[in-house]
Structures are given as C-alpha cells and as structure tokens.
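Work through the exercises below with the sequence and the model in view. Try each task before reading its solution.

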Amino acid sequence: MASISLNKLNKTFGALKVVHDIDLDIADKEFVVLVGPSGCGKSTTLRMIAGLEEISGGELRIGADLMNDVPSKDRDIAMVFQNYALYPHMTVYKNMAFGLELRKAPRDLIETKVQEAAKILDITHLLNRKPKALSGGQRQRVALGRAMVRNPEVFLLDEPLSNLDAKLRGTMRAEISKLHKRLNATFIYVTHDQVEAMTMADRIVVMKDGHIQQVDTPQNLYDRPVNMFVAGFIGAPQ
Ligand code: ADP
Ligand code: MG
C-alpha cells in the first residue's frame with residue numbers, strides 16, 4: 001500500500017527554513033498536485049519524499065513504514081523531472097532498461113518491460129535513438145517510460161511538462177492522467193500551471209513560503225478558498 005503521510009515535515013538549509021511542519025496524508029493511488037509560487041518548497045518536499053534530500057524534522061511514512069532514513073535506492077519511488085535528465089550517451093532503450101539492469105533483472109524481463117512501456121507511450125519506433133535526436137515531447141515520454149519499467153508504487157513528477165509548448169502540454173496532460181489510472185500508483189505532481197492542477201488532481205495542495213495553505217479537491221478549492229492567497233492562485237489567469 002503506497003499511502004504517503006507527512007507528519008510535521010521540515011527542511012532547513014543552514015539557517016534557512018524552507019519547509020515548515022507540513023502535515024499531509026495522501027491515499028494509495030491518489031493523484032495529488034502541489035502548487036504554489038516559485039521558491040515555496042514544492043521541489044524540496046518532493047525530493048525529501050524521494051530520499052534525494054535529507055529530512056530535517058518530522059516523519060515521512062509510506063504505508064506504515066517510517067522512511068526518514070531509508071536510502072533513495074531502497075524506496076519504491078520513481079521521479080520524473082522537468083529537464084528529463086536522460087543519459088545522453090545511451091539509446092532510448094538503454095535509458096529505459098538501465099534501472100532494471102542495475103537491479104540485475106533478467107534480460108528477457110527487461111526486454112518485456114521496456115517494450116510494454118514503449119508501446120503504451122507510443123515510442124517503440126524511437127528505441128534505438130539517442131536523446132539528442134528526440135523532440136521535447138518525445139524526451140518526456142522516454143523519461144516517463146524510464147520511470148514506469150520498475151513498476152514503482154509512487155511516482156513523483158516535478159513540473160514534467162513545463163518545457164513543452166502549450167499544445168503538447170495538453171496532450172501530455174491527458175496521457176499522464178491515463179497513465180495514472182492504468183498504473184495503479186500514487187502520483188504526486190508539482191506544477192505552477194493551474195490548468196494542469198485543476199484538470200489532473202484528485203486533490204490540490206496549495207503551498208506558500210514552505211507552509212500548506214489548503215488541501216482540497218479542485219472543485220472545493222475553487223468554490224471555497226480559505227484565504228485570498230488561495231483564491232488568487234486558483235483564479236489567476238494563465
Ligand atoms: P519550488 O520548487 O517551490 O520552486 P524549492 O523547493 O526548489 O522551491 O526551493 C525552496 C527554497 O529552498 C528556495 O528558497 C530555494 O532557494 C531553497 N533551496 C532549495 N534547494 C536548496 C539548497 N540545496 N541549498 C540552499 N537552499 C535551497
Ligand atoms: Mg521546483
């Protein structure tokens with residue numbers, strides 16, 4: 001069960017506190033979107049969940065397990081970044097296979113998993129290319145594919161579409177929502193695009209200056225924002 005709970009989670013960088021006592025319970029298979037202005041602590045929160053950033057205080061649980069000190073590689077989590085972070089010298093196939101190879105998975109299982117993910121993402125014809133020969137949208141599909149092959153229980157996506165043009169963003173938005181339903185995984189998705197938040201989220205978490213302002217469904221946030229900040233953020237024109 002990949003429910004995720006943050007209990008008074010904190011992050012400080014030296015004297016700077018960037019995440020303040022965050023409490024958040026995310027249900028198994030939920031699609032939660034984190035929004036808020038640049039610098040409010042969204043990526044840091046995601047990176048603590050992924051184990052890429054040390055937790056300064058509080059608790060992180062996945063299911064019933066306390067994860068604070070579990071190394072990133074031992075968490076059943078995949079992360080997708082804005083800048084794709086593909087390995088430039090490897091083919092698409094190798095990019096997608098690499099995580100399983102590191103875990104010493106059998107070659108035929110790797111082949112099956114990569115082909116399966118490639119088919120779902122419509123990138124089978126690109127498997128022999130290097131990342132530099134791909135468009136932005138194709139690279140983002142490969143990044144998603146690379147995350148998928150391990151069947152993680154949790155997907156963390158940090159502004160995955162913000163390098164794409166508006167039309168492609170629309171397409172990928174729908175693809176990611178479809179993927180979420182199909183994969184049966186818990187998704188936490190960071191964006192500053194309110195259309196993405198409103199259309200993709202089961203619940204939206206609005207952050208400001210390292211604090212959570214409100215957590216609710218898109219409809220409730222829109223109808224009953226708790227303060228001017230949330231109202232401004234949700235209602236703001238694109
Ligand atoms: P967001 O993703 O919401 O834009 P971040 O989580 O990246 O915000 O950053 C939150 C705050 O933490 C910012 O003020 C940022 O400058 C600071 N910060 C992030 N990473 C570091 C770091 N490694 N060292 C010092 N400060 C950092
Ligand atoms: Mg960020």
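A crossing of two helices is left-handed if the near helix is turned anticlockwise from the far one by less than a right angle, and right-handed if clockwise. Helices (H or I, at least four residues) and strands (E, at least two) are DSSP runs, numbered from the N terminus.

This is a predicted model: local features need pLDDT of at least 70, side-chain atom pairs count only at pLDDT 80 or more, and totals for chains, interfaces and linings use all residues. Residues are numbered from 1 along each chain as its sequence is written, and chains are lettered from A and ligands numbered from 1 in the order in which they are written.

**Exercise 1. Describe how H2 packs on H3.**

Step 1: find the helices. H2 is residues 92-102, and H3 is residues 107-121.

Step 2: take the geometry. The two axes come within 10 Å and cross at roughly 135 degrees. Axes are lines fitted to C-alpha atoms, for helices over the stretch in contact, and angles run from 0 to 180 degrees between N-to-C directions.

Step 3: name the arrangement. That angle makes H2 oblique to H3. (Under 35 degrees counts as roughly parallel, over 145 as roughly antiparallel, 65 to 115 as roughly perpendicular and the rest as oblique.) The crossing of H2 and H3 is right-handed.

Step 4: list the contact. From H2 come Tyr93, Met96, Ala97, Leu100 and Glu101; they meet Ile110, Lys113, Val114 and Ala117 of H3. (Contact means C-beta atoms, placed from the backbone, within 7 Å.)

Step 5: sort by class. The contact of H2 with H3 has seven nonpolar, no polar and two charged residues. (Ala, Val, Leu, Ile, Met, Phe, Trp, Tyr, Cys and Pro count as nonpolar, Asp, Glu, Lys and Arg as charged, and the others, Gly among them, as polar.)

**Exercise 2. Now treat H2 and H4.**

Step 1: the axes of H2 and H4 come within 7 Å and cross at roughly 30 degrees.

Step 2: H2 and H4 are therefore roughly parallel. Their crossing is right-handed.

Step 3: Val92, Asn95, Met96 and Gly99 of H2 meet Val142, Gly145 and Arg146 of H4. Three of these residues are nonpolar, three polar and one charged.

**Exercise 3. At what angle do H4 and H5 pack?**

Step 1: H4 (residues 136-148) and H5 (residues 166-183) pack at about 15 degrees, with axes 11 Å apart.

Step 2: H4 and H5 are therefore roughly parallel.

Step 3: H4 supplies Gly137, Gln140, Leu144 and Met148, and H5 supplies Leu168, Met172, Leu179 and Leu183. The classes are six nonpolar, two polar and no charged.

**Exercise 4. Which element gives the most to the shell around ligand 1?**

Step 1: the residues around ligand 1 include Phe13, Gly36, Lys42, Ser43 and Thr44. (Here a C-beta atom, placed from the backbone, lies within 6 Å of the ligand.)

Step 2: strand E2 (16-26) and helix H1 (42-50) each supply at least two shell residues.

Step 3: H1 gives the most, with three residues.

Step 4: the shell has four nonpolar, six polar and one charged residues.

How values were computed: Contact = placed C-beta atoms within 7 Å.
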